[in-house]
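Biologist: Before I rely on any label attached to this chain, I would like to hear the rule behind it and the value that was set against that rule.

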Amino acid sequence: MNKINKLIYFIISAIFFVIFDLYFSNSLVNSRINIADNKFLSLMNVQNTGAAFSLLENAPLLLILFAVLAIIIIIVYGVKNIEKFSLFACFWTGMLIAGIGCNLYERLIFGYVRDYFNLEFIDFPIFNISDILINVGVFALIVIIIKNKYLKK
């Protein structure tokens, strides 16, 4: 697949995940989606002014700058190396950018990130869809990098 098609696929993936994230986040926060009480997952609306595990709670500008810098670095690297990317890497990179971008959007618009998923069966921080997109995207890209390094040897 050529460079332009991969770039388009990356952009479409990112847009899809941004729309998915913002739509379902708004629906979950505004209680348009109900999760029945169970021992696995519940909804709890929390305003997180920090990053993962509430790190850097008193440094919103630093978190905003870090997110902007991460997005710029990922996009510049991706565009420069898009011919080396597989379609899977374009997809997962789009997911990662969307997760970072949606958390950044919420931080800029609301002054905090809306977290709402609470795992009932374990003591774990409350999280949101953007957090899932970031973690899955990073994990998938690490697997792709390791796989590519392993296959070269």
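Predicted model: local features only at pLDDT ≥ 70, side-chain atom pairs only at ≥ 80, totals over all residues.

Modeller: Residues are numbered from 1 along each chain as its sequence is written, and side-chain values use heavy atoms, with hydrogens and water left out.

Biologist: What makes up the secondary structure of the chain?

Modeller: The chain has four helices and two strands, where helices (H or I, at least four residues) and strands (E, at least two) are DSSP runs numbered from the N terminus. Followed along the sequence, their pattern is α-β-α-α-β-α, and the C-alpha trace spans about 45 × 35 × 30 Å along its principal axes.

Biologist: Why is the contact of Arg114 with Glu106 called a salt bridge?

Modeller: The term requires a side-chain nitrogen of Lys or Arg within 4 Å of a carboxyl oxygen of Asp or Glu. The closest N and O atoms of Arg114 and Glu106 are 3.0 Å apart, and the pair forms a salt bridge; the count by this rule comes to one.

Biologist: Are Arg114 and Glu106 buried or exposed?

Modeller: Buried means under 20% relative accessible area, exposed over 50%, and partly exposed in between, with a 1.4 Å probe and protein chains only. Arg114 has a relative accessible area of 6% and is therefore buried, and Glu106, at 0%, is buried as well. Buried residues make up 38% of the 153 residues in the chain.

Biologist: Why does Phe139 count as exposed?

Modeller: Phe139, which is found in helix H4, counts as exposed because its relative accessibility is 57%. Its C-alpha atom is separated by 14 Å from that of Cys90, which is 49 residues apart from Phe139 along the chain.

Biologist: What makes the nonpolar surface patch?

Modeller: Phe40, Phe121, Ile122 and Phe124 make this patch of about 420 Å². Patches are made of residues with over 30% relative accessible area and no salt bridge, with like charges joined within 9 Å and nonpolar side chains (Val, Leu, Ile, Met, Phe, Trp, Tyr) within 5 Å. Of these residues, Phe121 lies in the loop between strand E2 (113-119) and helix H4 (129-152).

Biologist: How many cavities of 30 Å³ or more does a search of the whole structure find, and what lines the largest?

Modeller: The search finds one, a cavity being a set of points on a 1 Å grid over the protein atoms alone where a 1.4 Å probe fits but cannot get out, whereas a pocket is an open set with protein on both sides within 12 Å along at least five of seven lines; lining residues have an atom within 4 Å of a point. The largest cavity holds about 40 Å³, and its lining consists of Leu7, Phe10, Ile75, Gly78, Val79, Ile82, Phe85 and Thr93. Helix H2 provides the largest share of that lining, three residues.

Biologist: Which residues lie nearest the centre of the second largest pocket?

Modeller: Among the 21 lining residues, Tyr77, Phe85, Ile144, Ile145 and Asn148 lie nearest its centre. The space in this pocket is about 630 Å³, and H4 gives the most to the lining, with nine residues.

Terms used
Areas by Shrake-Rupley, 256 points an atom, 1.4 Å probe, with all protein chains shown as cover. Points joined across faces, edges and corners; volume = space filled by probe spheres on them.
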